[in-house]
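Here is a short briefing for a first look at this protein. Keep the sequence and the model open while you read.

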Amino acid sequence: MTGPGYPLRVMGCVVHGHYFTLYPPGYAPWQRSAVSPVASDGGRVQGLSAGADGFSETLFDAALDASAGVAWPRECPGDKRWSTQGRRLELAQRLCGVAPGLADPVRDLVAEALRVDGLLLREQAEALRQDGGYRQRGAAVRAVLEVLSRQQPSDERLLHAGFVVGVWGLPRRWDPVAGVLRTRLFPGGGTRAPPLSG
């Protein structure tokens, strides 16, 4: 079985006639695996493996296996096959900002969304330009996950990174108290502009 493991909620806006699906914390639209290991209430999952291995039950499992030199079988009855590993590796590279094809300004926005050092992402992308084999691709993703694992929970940051690289729309979180969807604002880095006088 794949997916959240419990029913999703479809919501609608009566005024605008639009419908959308609410996914549980840790999930992104149309993903069969969680993006980040978080509990159903959005909190920390107890008993996770340390470091990047805490992401083993997420869509990053393909990258973690690749970093260990584990190639998924070319043919198999389950979901863990070579073609799936390749697609998930590509997605993981984009979410972590290490895909060699990302423009540097986009990579910087990913670093900001993930709250990781942009130099780490640039170094890993450069390593992939030199050796883009599946093991190196997995190792580049693992390097970013190691940093993220110390900042748990990381689902909102990874979901925002997915928005930055154009994989899915702007993530919003349901506020059950107010009964509205909220967009988490990610603060910009660097020096702020001085206030306008006038």
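Helices (H or I, at least four residues) and strands (E, at least two) are DSSP runs, numbered from the N terminus. This is a predicted model: local features need pLDDT of at least 70, side-chain atom pairs count only at pLDDT 80 or more, and totals for chains, interfaces and linings use all residues. Residues are numbered from 1 along each chain as its sequence is written, and side-chain values use heavy atoms, with hydrogens and water left out.

**Overall layout**

- The protein has 6 helices and 4 strands.
- Along the sequence, the pattern reads β-β-α-α-α-α-α-α-β-β.
- Of its 198 residues, 38% count as buried. Buried means under 20% relative accessible area, exposed means over 50%, and partly exposed lies in between (1.4 Å probe, protein chains only).
- Take the contacts between residues at least 6 apart in sequence: 52% of them join residues at least 24 apart. A contact means heavy atoms within 4.5 Å.

**Helix H2**

- H2 has 14 residues. From its first C-alpha to its last it reaches 20 Å, close to the 20 Å expected at 1.5 Å a residue. The expected span of a helix is 1.5 Å times one less than its number of residues.
- Its buried residues are Thr84, Gln85, Arg88, Leu89, Leu91, Ala92, Gln93 and Leu95.
- The cover over these buried residues includes H1, H3, H4, H5 and H6.

**Helix H5**

- H5 covers residues 134–149, 16 residues in total. It reaches 22 Å from first C-alpha to last, close to the 22 Å expected.
- Buried residues in H5 include Tyr134, Gly138, Val141, Leu145, Leu148 and Ser149.

**How H4 meets H5**

- Two packed helices are described by the angle between their axes and the distance between the axes.
- H4 and H5 pack at about 170°, with axes 9 Å apart. The axes are lines fitted to C-alpha atoms, for helices over the stretch in contact, and angles run from 0 to 180 degrees between N-to-C directions.
- The two helices are therefore roughly antiparallel. Angles under 35 degrees count as roughly parallel, over 145 as roughly antiparallel, 65 to 115 as roughly perpendicular and the rest as oblique.
- H4 brings Leu120, Leu121, Gln124, Ala127 and Leu128 to the contact. H5 brings Gln136, Arg137, Ala139, Ala140, Ala143, Val144 and Val147.
- By class, the contact has 9 nonpolar, 2 polar and 1 charged residues. Ala, Val, Leu, Ile, Met, Phe, Trp, Tyr, Cys and Pro count as nonpolar, Asp, Glu, Lys and Arg as charged, and the others, Gly among them, as polar.
- Glu123 sits in H4, which spans residues 118–130. Glu123 is partly exposed, with a relative accessible area of 45%.
- Glu123 and Ala140 are 17 residues apart along the chain, and their C-alpha atoms are separated by 8.9 Å.

**Aromatic pairs**

- The structure holds 2 aromatic pairs. Rings of Phe, Tyr and Trp (its six-membered ring) pair if their centres lie within 6.5 Å; planes under 30 degrees apart count as stacked, over 60 as edge-to-face and the rest as tilted.
- Phe55 and Phe60 have ring centres 5.7 Å apart and planes at 90°, so the pair is edge-to-face.
- Phe55 is buried at 0% relative accessible area, and Phe60 is buried at 0% as well.
- Trp82 and Tyr134 also pair edge-to-face, at 5.4 Å centre to centre and 75° between the planes.
- Trp82 lies in H2 and Tyr134 in H5, so this pair ties together parts that are 52 residues apart in sequence.
- Trp82 is partly exposed at 30%, whereas Tyr134 counts as buried at 19%.

**Around H3**

- Arg115 lies in the loop between H3 and H4.
- Its phi is near 60°, a positive value in a residue other than glycine. Most residues other than glycine have a negative phi.
- Arg115 is partly exposed, with a relative accessible area of 40%.
- Ala113 is in H3. Ala113 is buried, at 2% relative accessible area.
- Ala113 and Phe163 are 50 residues apart in sequence, yet 9.7 Å apart in space, C-alpha to C-alpha.
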